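Hi,

Here is the structure I said I would pass on. Have a look, and my notes follow below.

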Amino acid sequence: MRFRFAHKLGTFLLAGTSLGTLATSDVLPNLTLALVALFFPVSWYADPETPLGRFFERMTSWLNVAILVFLASAVFQVARSFPDVDLLPFLNFVHFLVVLKLCQRRSNRDYLQVYVLSFLVMLAAAWLATSVVFVVGFVLYVLLATWTLVLFHLRREIEDNYIVRHASESHAEQVTASRVLNSRRVVGLPFFAATGLVAVLVMLGSSLVFATVPRVGLGFILGGVRRPVGIAGFTDEVKLGMQGTISTDNQTVVLRAQVPAVTAIPDRAKRESVIASLYWRGTVYDTYDKGQWSRSREDRTRTRIAAVTTSRDLSRAYLLHDPFEIRTRTGRRAAVQGAIEQQVEIVALSHPVAFALDRPLLFEMPPPPTGAFTAVDLEARWSDEVSLRMYRVNPANPFERRQAMTEFLGARYRVFSRNTSTSRTEGLYLGQEQLPAGALDNYLRVPETLATNVAALAQEVTAGKPTAAAKAEAVVEWLRRTHGYTTNLKRDERIADPLEDFLFVQSAGHCEYFASAAAILLRLSGVPTRYVNGFLGGEWNDMRGAITVRENRAHSWTEAYLGTDGWVRVDATPALRRPARMGNVRQLLDSLELFWGRWVVEYSASQQLLLAQRLGQKLGFRGRGYLPGRGPKPLSRKQALVVTAVVLLAIVLVSQRKRLLRWRRRYETAAARQRTAKPVVRIYQTTLARLSAAGAPRLPSETPHEYLARLKQRPLQGEPVFSDLTDAYAGARYGDIEVPPEAVARLRRDSAQIGLPQ
Amino acid sequence: MPPASLRARLRRWFRPPRHFRLTREGRWYVGVTLLLGFAAVNGGINLLFLMFGMLLCLLVANGVLSEASMRGLEVHRQLPPAIHAGSPFLMGISVRNGKARIPTFSLEVEDLAKDGKPVDRRCFFLKIPAHRQQETSYRRTLPRRGIHGLTGLRLSTRFPFGLLRRSLDVEAPADLLAYPALLPVADPILAGGLAQIGEKQSPARARSGDFHGLRELRPGDDPRDIHWRTTARRGRPFVREFEEETGRTVLVVLETGAEFPAEEFETAVSYAASLALALLRRAYRVGLVAGRSFVPPDAGLMQGRDILRCLALVDGTAPSEVGQPSWAAAASTTLIVTPGTGHPRIEAGKDKNLRRLA
């Protein structure tokens, strides 16, 4: 592959990967995505020497003006969004810059700017990512960044050393930078394989850093919030027809739950049938006006919760009490004992709704992670509703709440809900007439603006029904008979109230209309009701034995106060058939998402400690939480010292192995030389050592005869002998000339005379 | 063992001859990495920890790869045959990559001067494959004559990401002897000088004499002596050699003394060198007296080198030996070069009969 092409390809792939990774976070407007998709391929053909490249070069001044205008616009938009800062305009600006720089790439500086911008885009993707898809983008990004940065560095070096000389064989050859850049010999498959291996190591190292850097959560400046996923229908007000439109395409996961009672069902069909009938209760509203449900927020309807700290793992349990329920300790305990347990995980959601199977009795909030500065706790609302709340806490004492936060990042908790098949509510509630006067007024209130024909309709539908339960059945039966289900809503704008429009004009609607109609018709016939938003059903994941609830399962229903039976769910919406089991691919993705969420996005100091403990146990260390009597014995002090010494010695040997090998080689060479040296050589070396000690060493650059000539310039004892010795040495050392034994003996004897005068 | 030696050995033990420092991009990179680490810790955003880890590991990979790239290298310096002050020369550097598989990329080699600092030029090797040797050279000009010491070679690389510059100093001491700069010698001066020995000089006389043989072209040879047919056949330039003529001996005398300004003396040295080489090219036997140094008259390339070496090292402040009869007798004529303002004074003659030429 030509070097220039490899570098260009790497640059485009790197930029494309970062843009693609950010695009998966669903925050960019479609216009931005479309423009990037259009101009990104165009920029490939904008090389400096092409007509397109020259066009962009000519337009540099205008494009600089466009950059300034774009930047000013982005700054203005961001400034206008204060205090809820929206950085989307900056993201659009960065996308514009990336594509522009790709079109205007002429110098190394342009390429460097592309890399910096790509990194910023990748950072934004890391900030906004909620999906496991990010990890695919990250892996690709690391691989491509390694390749591209190496190629970029080489390119810059080539251009800095514009003219280089290669003389690999014989003669120097001048080559220009252009020729090197077009060479196929600089990088090839081995280069990409080796740098790819480096990228893999970088990824492993990144994972190690990720796992080991302590999560202390300082929260100095930014508060540390992630962008949550906003889902309509769970705000303080719910407007009919304006939100909550259910789309089967909306696959955003809202919550995941493990329900042991469901997991225990062996038959798949039966299990799916049970899952399809699970009602996940969320928000409750009691006031209806002009097509909008809201909460009256009166103290008498406020949910009562009692906090209990469990000694087991310092989690905090909350017992819920309906304000209209007769509070008997035995009744509540009996209900909790037979309750359906759920482990619920709320995925990043903008509204802190405490979802639970209808009807929750007890919430158990886990203790905040070790070292965390935030915690999620339960908060009472109204009409038997509770919500979640994030608090800043003292890390030293996780139960010391310091400040409530407006942000919400999701939560995980345990809930026990009433099992209607084993737990009866009869006797737990007073009849309507036994309650204090006005106790249920909120749930009977109907707006005065509602047309009188709605009341007439209610009377007509419930005529002849003596009890509240019978009235509820009649209303449900009437609604299902007269109206169909549709998500394609129609609306007659001449009628002010959408409920009247639904009751008298339209023939179909979705759950919000059915629930609202049932609630209002029952109120008009004297039955207290409240409006509930939540989810219906879910999808079973075999791989991890959990239920996943997506946004497209949002549902609304009514709760009616049926005397001593208390609040009973009344779902007037016609039954819908939706698959209660995921496909295999989706199960796999969902499991990955779960792992990603727990071990990456929400990785915390607690999980770090857990991992460290597990690792310590694997290595045989005894620590806190280690079960007594299991695992190897701890080392004694003596053994520990020996192990430490061995480890240190090993480190020294490994780190200094080259030096040791060099010493050994030097010793062996010297010994071998000594063994094989001819006698006259040994005599000469001994004499040299003596002369050196006397202050006349032989210089490394001197030949024996040059050394002799130098010594002759000064008084030298035994000069004739040293002259003979030098001749004999040079002959023996370099000419392989044998010296007769008698001559050797004479030289050995006479060499003692050689020396410098004192 | 002397304390200094012990200290030096200890320093070598604890501080191997490898250095690394951050480049400008590297400093920015480290700054961004720290900032990102702070943002990750501050915000508790786990995916930023992942990005932080990536940046850290790329920095570590930079260090490891640059170390791997610089291992197993053998570097040698190839000194030029002659260096004249003020004239550019090429210093050859050859590097052999002894690694089994890994090529070395983006390697820079610099000569280290006596003060341990690199000289102003360097050699660049883009890629040295495993088990291969490459040679290149850098062009350099020494400003003054004399010995210019080199202590070693510095190998450095910014491979692979340009964030760190890792360098390794290799001991390779060498002394570069810069001969005096050569100046053009005016023909009238040369002709006048040679006329003192009773000969009418012509350019052809320089290449006169009996043909001796052919040899490869060396620096300083007269290009007119190139034997073109052999040069074309062998692919390398060859010149004709002639038997020297006897009886034509010139002694170039350079006057020294503390009274001469340094700049004027240097010009005189250059002029003496140029004069001697010009005479040698004309096949004269040339000798030199400079200060207390004496080069007996002789002919040929080696004589030119001896004269240049003597002039390269001559001390301008040493007392002059002009007037010593021992060397004056060896020459048929004498050219005395005396430092002077603007142009050195040239006198030619025998014994006391000197005639000023310039």
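How many contacts beyond four places in sequence does the model have for residues 219-230 of chain A? There are 30 of them, although pLDDT stays under 50 over that stretch. Keep in mind that this is a predicted model. Residues 623-631 of chain A also have pLDDT below 50, and there the model shows seven contacts beyond near neighbours in sequence.

As for chain A overall, its mean pLDDT is 81, with 83% of residues at 70 or more. Helix α1 (residues 3-23) of chain A has the highest confidence in the chain, at 93, while strand β1 (residues 164-166) of chain A has the lowest, at a mean of 43.

On to the interface: 35 residues of chain B are in contact with 44 residues of chain A. On the chain B side, the elements giving two or more residues are α2 (24-43), α3 (46-70), β5 (104-113), β6 (118-128) and β7 (132-141). α3(B) gives the most, with 15 residues. By type, that side of chain B has 21 nonpolar residues, ten polar and four charged.

There is also a helix pair to look at within chain A. The axes of α13 (residues 452-461) and α16 (residues 511-524) of chain A come within 8 Å and cross at roughly 80 degrees, so α13(A) counts as roughly perpendicular to α16(A). From α13(A), Val454(A), Ala455(A), Leu457(A), Ala458(A) and Val461(A) meet Ile520(A), Leu521(A) and Leu524(A) of α16(A). The residues of this contact comprise eight nonpolar, no polar and no charged.

Cheers

How values were computed
Residues are numbered from 1 along each chain as its sequence is written. Chains are lettered from A and ligands numbered from 1 in the order in which they are written. This is a predicted model: local features need pLDDT of at least 70, side-chain atom pairs count only at pLDDT 80 or more; totals for chains, interfaces and linings use all residues. Two residues are in contact if their C-beta atoms, placed from the backbone, lie within 7 Å. Helices (H or I, at least four residues) and strands (E, at least two) are DSSP runs, numbered from the N terminus. Ala, Val, Leu, Ile, Met, Phe, Trp, Tyr, Cys and Pro count as nonpolar, Asp, Glu, Lys and Arg as charged, and the others, Gly among them, as polar. Axes are lines fitted to C-alpha atoms, for helices over the stretch in contact, and angles run from 0 to 180 degrees between N-to-C directions. Angles under 35 degrees count as roughly parallel, over 145 as roughly antiparallel, 65 to 115 as roughly perpendicular and the rest as oblique. pLDDT is the predictor's confidence in each residue, from 0 to 100.
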